[in-house]
Amino acid sequence: MIVAGAIRYFAEQGFDGETRALANSIGVSQALIFHYFPTKSALIDRVYEEVFLSRWKVAWIEILGDRSRSLRHRLKDFYRDYYTTADRPEWIRITLYSSLRDIDINARYFARVRKEVILRIAREVRVELGFGDSEEEITESEEQMVYCLHSAVIYALIRKHVYSMPGPQDPLPIIEANVDLYMNSIPLVLQRFLGSAASAPDKKE
């Protein structure tokens, strides 16, 4: 109950409030919160585990790494499910609030995203397009191009849960279109930044 209440409170109010205000919003005593969580930081760590770590799916890594299928199809499957999983106000708002107040939830989460998603996709692009050595370090340009794709998905959720802006009734076709734009343009981008002669055959289904 305390964790669920803290998630609602932090998503609505941010992290500036004192634990007394948090306790009042949940309807429990401050002493009860400290009984289970000796510090506010300990409670924030638990919120991080509940909101982000518990919803992280090992299946995402399996989807992105399945080279029996085209990368275009893998990316569509991944981002459809990632969007659906992250489509919660607490996920988006807690991420932004933590970033604005230098609380490391945002840093911890996006470090994981970078390692397990962004760099992985950049490496799969190399394999798919037959460009360079897939084991060599990913360049900044390659990494930033994946962030352009990833940010398009995240910003759709920011518009929804932060700005309360209306969006498409079904966002999944837009996500698929963003993947198509990325896969259609990335060979030319790699040629420009890296001198690659890569092409995107999309031979696998």
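**Helix packing and selected residues**

Q: Helix α6 (residues 71-86) and helix α9 (residues 140-161) pack with their axes 10 Å apart; is α6 roughly parallel or roughly perpendicular to α9?
A: The angle between α6 and α9 is about 30°, where axes are lines fitted to C-alpha atoms, for helices over the stretch in contact, and angles run from 0 to 180 degrees between N-to-C directions. Angles under 35 degrees count as roughly parallel, over 145 as roughly antiparallel, 65 to 115 as roughly perpendicular and the rest as oblique. The angle therefore makes α6, relative to α9, roughly parallel.

Q: What pLDDT do local features need here?
A: Residues are numbered from 1 along each chain as its sequence is written, and side-chain values use heavy atoms, with hydrogens and water left out. This is a predicted model, in which totals for chains, interfaces and linings use all residues, side-chain atom pairs count only at pLDDT 80 or more, and local features need a pLDDT of at least 70.

Q: How many helices does the protein have?
A: Helices (H or I, at least four residues) and strands (E, at least two) are DSSP runs, numbered from the N terminus. The protein has zero strands, and its pattern along the sequence is α-α-α-α-α-α-α-α-α-α. The number of helices is 10.

Q: What is the handedness of the crossing of α6 and α9?
A: A crossing is left-handed if the near helix is turned anticlockwise from the far one by less than a right angle, and right-handed if clockwise. For α6 and α9 the crossing is right-handed.

Q: How many of the residues in the contact of α6 with α9 are nonpolar?
A: Contact means heavy atoms within 4.5 Å. On the α6 side the residues are L75, Y79, Y82, Y83 and A86, which meet L149, H150, V153, I154, A156 and L157 of α9. Ala, Val, Leu, Ile, Met, Phe, Trp, Tyr, Cys and Pro count as nonpolar, Asp, Glu, Lys and Arg as charged, and the others, Gly among them, as polar. In this contact one residue is polar, none is charged, and the nonpolar residues number 10.

Q: At roughly what angle do the axes of α7 and α9 cross?
A: The axes of α7 and α9 come within 10 Å of each other. The crossing angle, which makes α7 roughly perpendicular to α9, is roughly 100°.

Q: Which residues of α9 make the contact with α7?
A: The contact of α7 with α9 divides into five nonpolar residues, one polar and one charged. From α7 come P89, I92, R93 and L96. From α9 come L157, I158 and H161.

Q: Which side chain forms a polar contact of 2.7 Å with that of D87?
A: D87 sits in the loop between α6 and α7 (89-100), and beyond four places in sequence D87 is in contact with L157, K160 and H161. A polar contact is a pair of N or O atoms within 3.5 Å; within protein, one must be able to donate a hydrogen and the other to accept it, and residues adjacent in sequence count only if both atoms are side-chain atoms. The partner of D87 at 2.7 Å is H161.

Q: Is K76 buried or exposed?
A: K76 belongs to helix α6 and, leaving aside neighbours within four places in sequence, contacts E176, V179 and D180. Buried means under 20% relative accessible area, exposed over 50%, and partly exposed in between (1.4 Å probe, protein chains only). Because its relative accessibility is 15%, K76 counts as buried.

Q: Which residue's backbone oxygen does the side chain of T95 reach?
A: T95 is in helix α7 and is buried, at a relative accessible area of 8%. Not counting residues up to four places away, T95 touches F52, E90, N106 and F110. At 2.6 Å, the T95 side chain reaches the backbone oxygen of W91.

Q: What is the phi of D102 near?
A: D102 lies in the loop between α7 and α8 (105-129) and counts as exposed at 73% relative accessibility. D102 is a residue other than glycine with a positive phi, near 55°.

Q: Where does S164 lie?
A: S164 has a positive phi near 55° although it is not glycine. S164 is exposed, with a relative accessible area of 59%. Its location is the loop between α9 and α10.

Q: What percentage of the residues in the protein are buried?
A: The C-alpha trace spans about 65 × 40 × 30 Å along its principal axes. Of the 205 residues in the protein, the buried share is 42%.
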